[in-house]
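The following note sets out points for a colleague who is examining the model. Please read it beside the sequence and the coordinates.

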Amino acid sequence: MAARSIFLTLTRNARGRERSLFRSFTTTTAVVYEDSPNSAEEERGETPDDLKSRIFSLRLPKRSATNVLQRWVDEGRQVSISDLRHISKELWKSRRFKHALEVRLKGKYW
């Protein structure tokens with residue numbers, strides 16, 4: 001009987017240590033994440049000005065990726081078919097099917 005209570009006490013103490021170790025690991029991870037070089041750009045509100053970031057900034061499916069593509073071309077910038085396929089694939093992976101289809105179809109007619 002005494003052996004059982006000692007075992008349970010040790011088990012509880014070990015569980016408490018695992019939790020505290022896990023907590024310290026997550027706080028360390030958060031600190032490293034906050035110090036990443038990309039976070040400084042995000043704090044200043046700077047985003048890279050490329051076609052992929054413009055399309056991914058469309059959060060709502062009602063907004064058209066075709067308009068973003070047309071604006072990109074009107075600015076005199078080049079778009080390759082392989083870039084459109086890559087963007088479409090990334091949109092598909094993030095389950096943004098409408099935008100992925102728009103980009104894929106637009107690339108088909110260029």
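1. Burial is used here as follows: a residue is buried under 20% relative accessible area, exposed over 50%, and partly exposed in between, with a 1.4 Å probe and protein chains only. Ser-64 is buried because its relative accessible area is 19%. The model is predicted, so local features need pLDDT of at least 70 and side-chain atom pairs count only at pLDDT 80 or more, while totals for chains, interfaces and linings use all residues. Residues are numbered from 1 along each chain as its sequence is written, and side-chain values use heavy atoms, with hydrogens and water left out.

2. The overall make-up is six helices and zero strands, giving the pattern α-α-α-α-α-α along the sequence. Helices (H or I, at least four residues) and strands (E, at least two) are DSSP runs, numbered from the N terminus. Of the 110 residues, 19% count as buried. Contact means heavy atoms within 4.5 Å. Among contacts between residues at least 6 apart in sequence, 55% join residues at least 24 apart.

3. Where does Ser-64 lie? Ser-64 belongs to the loop between helix 3 (51–56) and helix 4 (65–74). The side chain of Ser-64 reaches the backbone nitrogen of Thr-66 at 3.1 Å. Leaving aside neighbours within four places in sequence, Ser-64 is in contact with Leu-58 and Glu-102.

4. Glu-102 is located in helix 6 and counts as buried, at 16% relative accessibility. Not counting residues up to four places away in sequence, Glu-102 touches Arg-63, Ser-64, Ala-65 and Thr-66.

5. Axes are lines fitted to C-alpha atoms, for helices over the stretch in contact, and angles run from 0 to 180 degrees between N-to-C directions. Angles under 35 degrees count as roughly parallel, over 145 as roughly antiparallel, 65 to 115 as roughly perpendicular, and the rest as oblique. Ala-65, Thr-66, Leu-69 and Gln-70 in helix 4 meet His-99, Glu-102, Val-103 and Lys-106 in helix 6. By class, these residues divide into three nonpolar, three polar and two charged; Ala, Val, Leu, Ile, Met, Phe, Trp, Tyr, Cys and Pro count as nonpolar, Asp, Glu, Lys and Arg as charged, and the others, Gly among them, as polar.

6. How is helix 5 placed against helix 6? The axes of helix 5 (residues 81–93) and helix 6 (residues 97–108) come within 8 Å and cross at roughly 165°, so helix 5 is roughly antiparallel to helix 6. On the helix 5 side, Ile-81, Leu-84, Arg-85, Ile-87, Ser-88, Lys-89, Leu-91 and Trp-92 meet Phe-97, His-99, Ala-100, Val-103, Arg-104 and Gly-107 of helix 6. This contact has eight nonpolar, three polar and three charged residues.

7. Arg-95 is found in the loop between helix 5 and helix 6. Its phi is near 65°, a positive value in a residue other than glycine. Most residues other than glycine have a negative phi. Arg-95 counts as exposed, at 64% relative accessibility.

8. Arg-59 has its place in the loop between helix 3 and helix 4 and is exposed, with a relative accessible area of 67%. The C-alpha atoms of Arg-59 and His-99 are separated by 9.8 Å, although these residues are 40 apart along the chain.

Note on methods: Polar contact = N/O pair within 3.5 Å; in protein donor to acceptor, adjacent residues only side chain to side chain.
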